[in-house]
Structure formats: structure tokens, C-alpha cells
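Subject: Structure handover

Hello,

Here is the structure you are taking over. My notes follow below it.

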Amino acid sequence: MRDGAVIVGIGETRVGKHPGRSTVGLQAEAVIRAIRDAGIERSEVDGLYALGPYATGSSMHALGLVEYLGMRIPHAVSYDVGGTVTFMGMCLAATAAIEEGRIEVAVCTFGENAATRRAPQSHGFDRKMTMNGEEYELPFGAGSPLIWYGLMAQRYLDRYKLPQDAFFPIALALRKNASLNENAAYRELYDKAAYDKSPMMAEPLRRLDSSPVADGGGAFVICSKRFARERRLKHTPISVLGVGMEATGSSILHMPDMDQTGFEAAGREAFAEAGLSPEDVDLVTIHDGFSISIAMALETLGFCGPGETVELAARGGLAYDGERPVNTHGGLMSQGHVGGVLHVVEAVRQLRGDAGSRQIRDARIAAICGNGGPFAVCGMMLLGKGSC
Amino acid sequence: MMTDQEVSDHFWNSVKSKAMALPWCAKCARAFFYPKPICPDCWGEISEWKAVSGRGKVWSHSVVRFPLVRGPFEERLPYTVAFVALEEGPRVLSNIVACPPEEVKGGMDVQITYEERDGKWLYLFKPA
Ligand SMILES: [Zn+2]
């Protein structure tokens, strides 16, 4: 029987530079916080879905977390789809196991000490572990996510005839959002002159158009509706209303054109399952590896018109009190890159009404959107307040 | 069936002899990139290779101005990474050379050129 599952707990560690903290330690802290936030006992958790670190290869990652936390647990799974889509997949896997009656309560997590433990001059991403086609990419000096997204960003600017500095309002909008989040690593506002002085990395993307790697972790607890009802949990349950995902490749060599990404199929599927449309959505969280990512997700999923994201951002539309709130926590670009798990945490926080000074008024529906790799896999998950 | 290594060797040998050839699926009547032993459309075995004309258009480009890639590329800044849509259909990743970075534009016509770099023969593109 399809009864669905609800998110009832969230956990978030400090985000920034935290020397001495291990990946597994950050994830453990997030898991403990999420379980305490839900108000349940550790013995009630029978599922654990964990994504291993990006900057170093890992194998049987979830087992390391089980060991660190001193658990014995029937379902411990190392789970990876790509980017924020990983957490949508974790929700689907946990929901399926819950509906089959195999588990009742699962914790999903990611965290990494990517800022302080990465190799010198590397970008927190051990691409050789994950991609294909290196021999057709590396000889041309193209082996960096900044270059991949620079290629997409330039194509976007060409298509809509926008100037090279067009992304400034998008980057600044996320920084303004982060200024209202005391757990964002980058909260200082800047002006256009400062943006223009930010080092140009891979045109048209500047350092301020990208997402700094960070040490940090996040987790959320997902359980059966029956469990949430009978346990009388303290927080409003947040329902998973619909999920859509589509994978189309892996490496930059197969990066789809901007109107050919998996976003289209993912959005169609998630909206159809939930019986909703973009107008119903109060908050969009987007895997904002780079400023272009915001435009790609918003426009392809129908949250704004083609080529309109820059104007939307420039008139304050992406703020918590704007017409289309996006990444109210500051996102990867201004909170710091924690893989996208905090995009789920923020969506739950907003739907609960617990977002404090950046609370969206009467937020009822959130869309978590994002991609992994250079738009190699795209997804969207719709969350709704209440209903148990 | 060719192994992955044989496919790769065949491709890079064609580049070395300055006549880049792409795997060709006779059944689907298409060339594709990057080279694999099977056609991604029909999963049939690759039996032919077609030399490219060398003509194409810049699909997108990015001028790299920061040492994002370790090694010799740190000394080559700025350089232009580009996707080139070949006349035959497939899109390849490469560099635009013999052209100041600020003069590279999306949609511009380019022509293949070959160059030995770090001991390996590469396919690069210059303005047509
Ligand atoms: Zn074929």
C-alpha cells in the first residue's frame, strides 16, 4: 500500500572551516541532531542512508558511520545519485522500504570536511572516482567543474544576448539571503564593483559565481505516517508529495543543451505525482553549484520564464519576501557547499515555520531542485506541510 | 568486438595521423563521440570509422583565466576551452587556438588543426 512517508527531524552542523573534524564525525553530529530534533530514541531508527565524501574516494561509507555511532541497524546503505538528487533518491528508497514494512524510521545524511582536508589546490572533488571520458577532456585543460559550468553559462548568455556580468544579481541575491542565516559561512554583502574585482575563473564565471567547499553536515529523519501519528512527534510532519529524476550521462562530454536536461522530465513527473504546478510552490531550493545553476533550474522547471532569472533576481524576487523565494539559507554559494543536504533541511525548516527572520509567510509547499555532475542527472522533490 | 582500449587507440592514432576519425554506426547512419565499442543508439557493434571534414562551429566556450587545472595548463593561461559542433553532428571538447580569447564567439566557424602537446597529438580548432 502506498501511504508515503514524512520528514520529522532535521539536523545541521556548523558550516565553514572546522579543522580537525572528520567526515564521519560531521555526519554523526548531523544524525544525532536530527534524531534529537525528531524527539525519538536511537533504538527506533532502523534505516540509515549516507553519502560518502566527494573529495576522497570511499567504500562502504555508511558502515563507517554505523561504527562511529555505535549502532546495530538492519538497513545501512551508502547511497549516491549525484548532487542534491542523492537526497531525493534517499527519500524514495526510504519510502519504499517503509511502505514494504521493512523499516519504520530512517535517517539520511551527508557531510564532509571538504574545506580543511582536501588536497592542496584541489576543489574538493575527486573527479577521477566518478566520471568517464577523461582522455577526451583532460588534454584540453578542461578538468574543473568551473570550466564545465562556464561552458553552460556562456551558452546561456549567448542565447539570451546577456552581458558577461549578467549573473551578478543572482550571486548577490544568495548572499543577501545568507546574511539572514547565522549558520552561513559567507554573509558579507558586496557591491557591483567588488563583484567585478572578484577573480575571473572560467568566463563568464567569477569566484563569486561559484560555491566554496565547506566543512559541514546535515541530516533528516523520515518515517512512516503511522509512526509519526502514533508517536505524537513534536514537529509538524513534512510530507514527500512527489519526486522526479532523470539521468542523461556523467561527464562534461555528454552535458546536454540547456533545453535538453533531465529537469524537464523530472519536473513533469514530480508535479504530476503531487498534483501541483509551479504557481503552488512557496520556496524553491536549488543545487546552486554556480550562479548559472539557479537560472537553469528555475527556467527549465517553469518557476520563471526563459531568460528571466537575472531580472527576477535584480528586483529582489529571490528573497524570502520576494515573489519567488530561492535558497533562503544562502545555498551552496553563500552558506557553503555541503552537497545539497541543507537544501532539504532548509525546506523542512521553512515549511514548519521555524525559519526565524527569513521565514516565508505561510509557506506550505517547497520544491527541492538540483543536478549532479554537469547536468548529468537532474531532479525535483516536492514537500508539503502536514497531512499524516 | 573492439575493446575499449582498442577503440581509444584507433581514435588517437587517427588524430596522430592528422585525419581524425569518429566511430560510425552503419545501421543508424551516424557518427558519435566520444568513441566507444558500441553505438549508443542501437547498441550494435562499431564496424566503421569516418574521417571528419574538420569543419565545425563553436557551440559554447569558456576562457579560463585562473589556474583551475594543475600542471602545464597553469603556464598557458588564459586559454579557451570550447565545445565544437562538428559538421558530422557530434560535439567535441577542445581548445580554440590561433585566436585571441576575446575574439572567440559562439557560433563562429572553426577548422580542425593538429598539434603535439605534452607528448600527445591533439585535435584543436582555429578560426575558419
Ligand atoms: Zn546504431
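Val81(A) sits in the loop of chain A between strand E3 (75–78) and helix H3 (85–99); helices (H or I, at least four residues) and strands (E, at least two) are DSSP runs, numbered from the N terminus. Val81(A) is partly exposed, with a relative accessible area of 33% (buried is under 20%, exposed over 50%, partly exposed in between, with a 1.4 Å probe and protein chains only).

This is a predicted model, in which local features need pLDDT of at least 70 and side-chain atom pairs pLDDT 80 or more, while totals for chains, interfaces and linings use all residues. Residues are numbered from 1 along each chain as its sequence is written, chains are lettered from A and ligands numbered from 1 in the order written, and side-chain values use heavy atoms, without hydrogens and water.

The zinc ion is coordinated by the SG atoms of Cys25(B), Cys28(B), Cys39(B) and Cys42(B), at 2.3 to 2.4 Å (donors are N, O and S atoms within 2.8 Å of the metal, or 3.2 Å for Na, K and Ca; water is not among the atoms, so sites may look incomplete). Along the chain, the donors follow the spacing C-x2-C-x10-C-x2-C. Cys28(B) lies in the loop between strands E1 (21–25) and E2 (30–31) of chain B, and Cys42(B) in the loop between E2 and strand E3 (48–51), so this pair ties together parts 14 residues apart in sequence. Cys28(B) is partly exposed at 28% relative accessibility, and Cys42(B) is partly exposed at 24%.

Both Tyr54(A) and Phe110(A) are buried.

Regards
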